[in-house]
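Welcome! Take a look at it first, and then we will visit a few of its parts together.

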Amino acid sequence: MKKIILLLLTTVFVSSLNAQFGQARVLEVKDGHMSKFMDGVAKKTQKYNRSEGSSKFYTFQILTGPNATDFIRVRWMESIEELDSDPSQEELDYWNKVARPYYTEGAARIWQRSADHSHVPEDSGNTNLRRVIYYNYKDSGEQDFWRFRERVKKAMVESGYKSAMNVLGCASGCNGNWVQVRFHHDGYAGQSADYGEPLQAMIEKYNELYGNDAYEQDSDKVDASLMPEGRRIRHLMLMPEMSSSW
């Protein structure tokens, strides 16, 4: 048993070294200050976070749910070690001047991207709408949950699915096993198109790879793996002027 635990810890450590991370904060805009907030974030980002080698920040407006019209600000990092490097005092002072007076800070979390479960085709393009499904699975449901995500990724690759899907697990700041699956769409019309023929082709490929009705059966296992109220759906919109370049 000790060898198994050591192996698991080593695997998590190695995967963390090779993973990308997002430090995300919810920013709740004060009443009557939306324009000043958005203008300040845009100015700060364009001044400090657009050059080569600068810290990368991405800002999403929340479109649905309890925090609709508020924002999520994400510092995107190639490794978690980047958290040891704080922005310069000049950059912090500028943020405190042009943006900090206009919001209160909500939840803060760190998310780790899983490349093994994400699908980003080369020709997926720059899309701003995100349909995000947040899952909270039981400890006992871990195998069923991640097997489905692994199979979906493979079926997307095999079927030539053109849109991006990123899978991130909560590394800090969450209670329970929270995962977000982010589907990238070119607006709501793009979402409708992506969930038409491309989705059906992916499901057909899934069943071809794993057996008749495998997609439905595995989906049912995922449903059973979740905690009560363990699925939440939100829409987010990337704000390009308030974000670093990709």
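Ala107 is found in strand β4; helices (H or I, at least four residues) and strands (E, at least two) are DSSP runs, numbered from the N terminus. This is a predicted model, in which local features need pLDDT of at least 70 and side-chain atom pairs count only at pLDDT 80 or more, while totals for chains, interfaces and linings use all residues. Residues are numbered from 1 along each chain as its sequence is written, and side-chain values use heavy atoms, with hydrogens and water left out.

Leaving aside residues up to four places away in sequence, Ala107 touches Ala24, Arg25 and Val26, where contact means heavy atoms within 4.5 Å. Gly187 lies 80 residues from Ala107 along the chain, and their C-alpha atoms are separated by 27 Å.

## Helix α2

Helix α2 (residues 34–48) has 15 residues, which should span 21 Å at 1.5 Å a residue; its end C-alpha atoms are 21 Å apart, so the two agree. The expected span is 1.5 Å times one less than the number of residues in the helix. Buried in α2 are Phe37, Gly40, Val41, Ala42, Lys44, Thr45 and Tyr48. The buried residues of this helix pack against β1 (21–29), β2 (56–62), β3 (71–77), α3 (89–98) and β4 (103–113).

Now to β5, where nine of the nine residues are buried, so the strand is largely enclosed by the rest of the structure. Leu129, Arg131, Ile133, Tyr135 and Tyr137 point one way from β5, while Arg130, Val132, Tyr134 and Asn136 point the other way.

| Partner of β5 | Sense | Bridges |
|---|---|---|
| β7 (residues 177–185) | antiparallel | nine bridges |
| β8 (residues 226–238) | antiparallel | eight bridges |

Ile133 has Val181 as its bridge partner in β7, and Tyr134 stands opposite Arg232 in β8.

## Rings and charges

How many aromatic pairs does a search of the whole structure find? There are 14 aromatic pairs; rings of Phe, Tyr and Trp (its six-membered ring) pair if their centres lie within 6.5 Å, with planes under 30 degrees apart counted as stacked, over 60 as edge-to-face and the rest as tilted. One of them is the edge-to-face pair of Tyr135 and Phe145, at 5.4 Å centre to centre with 70° between the planes. Tyr135 sits in strand β5 (residues 129–137) and Phe145 in helix α4 (residues 142–159), ten residues apart. Both Tyr135 and Phe145 are buried.

Elsewhere, ring pairs link Phe37, Phe71, Trp95 and Tyr103 into a cluster. Arg100 lies over the face of Tyr103, 4.6 Å from the ring centre. The charged end of Arg182 sits over the ring of Phe60, at 4.9 Å from its centre. A charge sits over a ring if NZ of Lys or CZ of Arg is within 6 Å of the ring centre and within 35 degrees of the ring normal.

## One disulfide

A search of the whole structure finds one disulfide, a term for a pair of cysteine sulfur atoms within 2.5 Å. The disulfide joins Cys170 to Cys174, with S to S at 2.1 Å. The torsion about the S-S bond of Cys170 and Cys174 is about 90°, so the disulfide is right-handed. Cys174 counts as partly exposed because its relative accessibility is 21%.

Definitions and conventions: Buried means under 20% relative accessible area, exposed over 50%, partly exposed in between (1.4 Å probe, protein chains only). Two strands pair if DSSP finds at least two bridges between them.
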